[in-house]
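Please look through the sequence and the structure shown below before reading on. The briefing that follows takes up a few topics in turn and points to residues that can be found in the display.

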Amino acid sequence: TILILDFGSQYSHLITRRCREINVYAELLPCTQKIKDLAWKPKVYDDDAPHVDPAVFELDVPILGMRPFIKLLHTVEMAWNLGGKVDKCQHREYGFAQLQVSKLGPGHESADSLFQGLNEGIDVWMSHGDQIHELPKDFHVIGKTKTAPYAAISHKTKPLYGIQFHPEVTHTPKGREVFAQFALNICRCKANWTMESFIGKEIARIREICGPKGCVIGAVSGGVDSSVAAKLMHEAIGDRFHAIMVDNGVLRMDEAVQVHKMLSEDLGVNLTVVDASDLFLERLADVEDPEKKRKIIGNTFINVFEEEASKIDHATKNERGEAKGEIEWLLQGTLYPDVIESISFKGPSATIKTHHNVGGLLKDMKLKLIEPLRELFKDEVRALGRLLNIPAHLVNRHPFPGPGLAIRILGPVTREQVKILQHADHIYIEEIRNAGLYDKISQAFAVLLPVKAVGVQGDKRTYEQVIALRAVTSEDFMTADWFVFPPEVLRRISSRITNEVSGVNRVTYDISSKPPGTVEWL
Ligand code: XMP
């Protein structure tokens, strides 16, 4: 295992990800983590600046300090009195730089091993405002850039390394090799973190948790996380896992039918689809405020899910009323980034972010949470999905918000408005797929605007609605860029929507980035 101590870098999760990519299990913890609670046992300075416990350096394990490892070096000084000096640098270094690797030769194999197999000049991404001015005792330079004479350093005898560039970002093309050198050759980690091995281990863990009789219920939405989690539960405990899909009336076109076909008919998951669209739409009538829409949908979901779960609970009793197996667990598709977010150094919070739908369920139904994906990043979930035979078009699907089309219909939500938006959205996504662009876009959807625009059809004037199209690329949805379509694709989409969707005579394309816009319109 590679233990990643987070000093608040925005890239910490990427570092974890890069280790996983070379099949080495890596776990991220805040730098202030009380390590006494873990198998690794250092203890923590309680200072205003973040510091790692100096005992980390006594663990006798290889250490790779990355930007902002400067802070780590302060700790090194304290821990070992090595006497390195760190200061603000005169020229801040942001962006590409050439790292000149210095090979030290025989007798320095440990120092040379970090960049083994790489050229003497490596393109790296720098981003720092402070740097080392004096080497700590017993360290030597293994790489420098034009402005950073100590851009990479290593201890003379111990496997301790410090690098001032970011190996985890794609702008450092050989970053993966640096991780591989450190994790596989220096730490001698086994490259055994694969989704193939994860499936077996996780199924065994689920079986142990649930025991021979325990039942689990869980909501599925048609998204990749809940589908993969459901299929994994099915593999582990068969029909003792009950999936519930609530059709809230604001799903994409034919979503409920398709999810039923895929999960139940093709993959054998024990699934109940509840059509609660009347109830949702009734409660949403005349509501325009997006937060109210979200609340209504969240609460109604809980009502419907609980009712359905109690029916399932009944059904798990035999004719004499004896429990064949009790529903004790609620499945949730929490992913590792949610876990990281809750423990990250910048945003310490005791609880893991819980989907708005689930918090209430746990309390009301006295269920315990089971989270089989909580160790996984999104692309690992996708890889797992492929291994579990979930179809490719679903595995690579764009995210879809819980409140669904209700937050993409800017005015009141009615069945007619839902139909118009479903139809336009369907055409939009179909044309994006036909053009081979779906996987290049992070999220694409149509929005129904609450205005009527003038148009002309035949020799008549029309006053009809306007569809806005949104397509963005994004790493993590915290920031996003609008997607540049080839004009002929937009032309085809617009022509199809205005011809085929009755009630719409105009189509616009949203060219706002986030910030200042958001991905959704509400
Ligand atoms: P924004 O609009 O905040 O969206 O830039 C970022 C990502 O979050 C999704 N989103 C939601 N997902 N419930 C959800 O489950 C919501 O209420 C919600 N609002 C936004 C959005 O689709 C995008 O992927």
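Is Ser 221 buried, partly exposed or exposed? With a relative accessible area of 42%, Ser 221 counts as partly exposed, because that value falls between the limit of under 20% for buried residues and the limit of over 50% for exposed ones. Please keep in mind throughout that this is a predicted model, and that the values given here were computed from it.

**A stretch listed in a record**

- The unreviewed UniProt entry lists Ser 221, Gly 222, Gly 223, Val 224, Asp 225, Ser 226 and Ser 227 under "binding site".
- One of these listed residues, Ser 221, is found in the loop that runs between strand 9 (215-219) and helix 6 (224-237).

**Surroundings of the ligand**

- The residues around the ligand are Arg 294, Pro 401, Gly 402, Pro 403, Gln 443, Phe 477, Lys 514, Thr 518, Val 519 and Glu 520.
- When this shell is divided by residue type, four of its residues are nonpolar, three are polar and three are charged.
- From the backbone of Gly 402, a polar atom is 2.9 Å from an oxygen atom of the ligand.
- The side chain of Gln 443 has a polar atom that lies 2.7 Å from an oxygen atom of the ligand, and in the side chain of Glu 520 an N or O atom is 2.5 Å from a ligand oxygen atom.
- Taken on its own, the ligand has 490 Å² of accessible area, and the protein covers 72% of that area.

**Salt bridges**

- Side chains of opposite charge can pair when their charged atoms come close.
- With a cut-off of 4 Å between the side-chain nitrogen and the carboxyl oxygen, the count for this model comes to 23 salt bridges.
- Arg 374 forms one of these salt bridges with Glu 371, and the closest N and O atoms of the two are 3.0 Å apart.
- Within this pair, Arg 374 is partly exposed at 28% relative accessibility, whereas Glu 371 is buried with a relative accessible area of 11%.
- Arg 492 and Glu 431 also meet through their side chains in a salt bridge, with 3.1 Å from N to O.
- That pair links distant parts of the chain, for Arg 492 belongs to helix 15 (residues 487-500) and Glu 431 to helix 14 (residues 415-434), with the two standing 61 residues apart.
- Arg 492 is partly exposed, having a relative accessible area of 38%, while Glu 431 is buried at 7%.

**A network of charged residues**

- Arg 496 and Glu 500 form a salt bridge through their side chains, at 2.7 Å from N to O.
- Arg 496 and Glu 500 are separated by about one helical turn, because they are four residues apart in helix 15.
- Arg 496 is buried, with a relative accessible area of 19%, and Glu 500 is partly exposed at 36%.
- Through salt bridges that share partners, Glu 430, Glu 431, Arg 492, Arg 496 and Glu 500 are joined into one network.

- Phe 179 lies in helix 4, which spans residues 175-186, and it is buried, with a relative accessible area of 2%.
- Along the chain, Phe 179 and Ile 153 are 26 residues apart, and their C-alpha atoms are separated by 16 Å.

Conventions
Residues numbered from 1 in each chain as written. Predicted model: local features only at pLDDT ≥ 70, side-chain atom pairs only at ≥ 80, totals over all residues. Heavy atoms only, no water. Buried < 20%, exposed > 50% of the residue type's maximum accessible area, 1.4 Å probe, protein only. Near = heavy atom within 4 Å. Polar contact = N/O pair within 3.5 Å; in protein donor to acceptor, adjacent residues only side chain to side chain. Areas by Shrake-Rupley, 256 points an atom, 1.4 Å probe, with all protein chains shown as cover. Nonpolar A, V, L, I, M, F, W, Y, C, P; charged D, E, K, R; others polar. UniProt positions renumbered as here; feature names shortened; annotations may be inferred.
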